[in-house]
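Biologist: I would like to learn how to read helix packing in a model. Could you walk me through it?

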Amino acid sequence: ARGRSGLKSLTAIMNCIPKVQCDKEILSHPVKEARLWVDGRRRAYPTSHYGFKTKIYHLTDSQQMTDPGLLLRYLHNEGWKVIYLRRTDLLRQVLSSMVLARDTKSHTHYVGDQTPVRLALTVKPATVLAGLRARVELDERELATLDGVPHTAITYEEDLIDADAQQRTLDRMSSYLGVPDAIASTQRIRINVGPLRDLVTN
């Protein structure tokens with residue numbers, strides 16, 4: 001996964017399953033040995049089905065891995081299940097990142113009857129194009145890393161976009177992981193909804 005792909009929403013619904021512990025991004029900072037670090041984190045939750053989040057640049061940059069697929073293949077061989085989360089609408093992902101950079105409440109919770117505020121963007125085309133190119137490159141790196149690694153894929157637009165999709169996804173993940181079914185529940189809501197013309201002012 002990468003930023004603005006729905007990772008927090010996926011984590012929230014996964015943690016609705018009893019005895020499932022979906023941890024934070026445990027490889028975002030350098031560690032001496034990634035395999036030992038991951039195993040140590042798993043052992044910290046001996047009664048739970050443990051999982052963690054990571055992003056491709058955590059493996060290649062923070063952990064300095066030239067072949068991050070080696071870690072994923074090792075984990076698979078040790079019995080781990082790999083879930084690949086991605087977003088297909090790269091333009092909206094870029095704009096979402098720009099909103100987040102300006103407004104840290106681009107995803108928030110409802111508080112009483114208060115409706116979250118939607119703020120439009122004024123963007124530089126060159127900045128948007130650079131963001132798109134970077135995300136296409138990340139797509140390619142992710143797919144290369146997953147080559148030969150058994151996994152299941154989730155896309156934000158199809159699998160996390162609303163409450164119904166989240167429940168279907170949680171049912172599918174419960175079956176994939178071999179854990180009990182659960183009711184999906186998350187307080188996270190989409191703020192940047194509607195057509196792009198309502199999000200971009202220029």
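Modeller: Gladly. Helix 1 has six of its eight residues buried, so the rest of the structure largely encloses it. Buried means under 20% relative accessible area, exposed over 50% and partly exposed in between, with a 1.4 Å probe and protein chains only. Helices (H or I, at least four residues) and strands (E, at least two) are DSSP runs numbered from the N terminus.

Modeller: A word on the source: this is a predicted model, where local features need pLDDT of at least 70, side-chain atom pairs count only at pLDDT 80 or more, and totals for chains, interfaces and linings use all residues. Residues are numbered from 1 along each chain as its sequence is written, and side-chain values use heavy atoms, leaving out hydrogens and water.

Biologist: Which residues of helix 1 are buried?

Modeller: They are Leu 7, Ser 9, Leu 10, Thr 11, Ile 13 and Met 14. Their cover includes strand 1 (20–25), strand 2 (49–53), strand 3 (83–86), strand 4 (152–155) and helix 8.

Biologist: At what angle do helix 1 and helix 8 pack?

Modeller: Axes are lines fitted to C-alpha atoms, for helices over the stretch in contact, and angles run from 0 to 180 degrees between N-to-C directions. Here helix 1 (residues 7–14) meets helix 8 (residues 163–177) at about 65°, and the axes lie 10 Å apart.

Biologist: Which residues meet there?

Modeller: Contact means heavy atoms within 4.5 Å. From helix 1 come Ser 9, Ile 13 and Met 14, and from helix 8 come Gln 166, Thr 169, Leu 170, Met 173 and Leu 177. Five of these contact residues are nonpolar, three are polar and none is charged. For that tally, Ala, Val, Leu, Ile, Met, Phe, Trp, Tyr, Cys and Pro count as nonpolar, Asp, Glu, Lys and Arg as charged, and the others, Gly among them, as polar.

Biologist: Why do the buried residues of helix 2 line one face?

Modeller: An α-helix has 3.6 residues a turn, so residues three or four places apart point the same way. In helix 2 (residues 34–43), Ala 34, Val 38 and Arg 41 are buried. Seen down the axis, these buried residues fall within an arc of 60°, so they line one face of helix 2; the arc is that of the directions from the helix axis to the C-beta atoms. Leu 36 and Arg 43 are exposed on the other side of helix 2.

Biologist: What covers the buried residues of helix 2?

Modeller: The cover includes strand 1, strand 2 and helix 4 (69–77).
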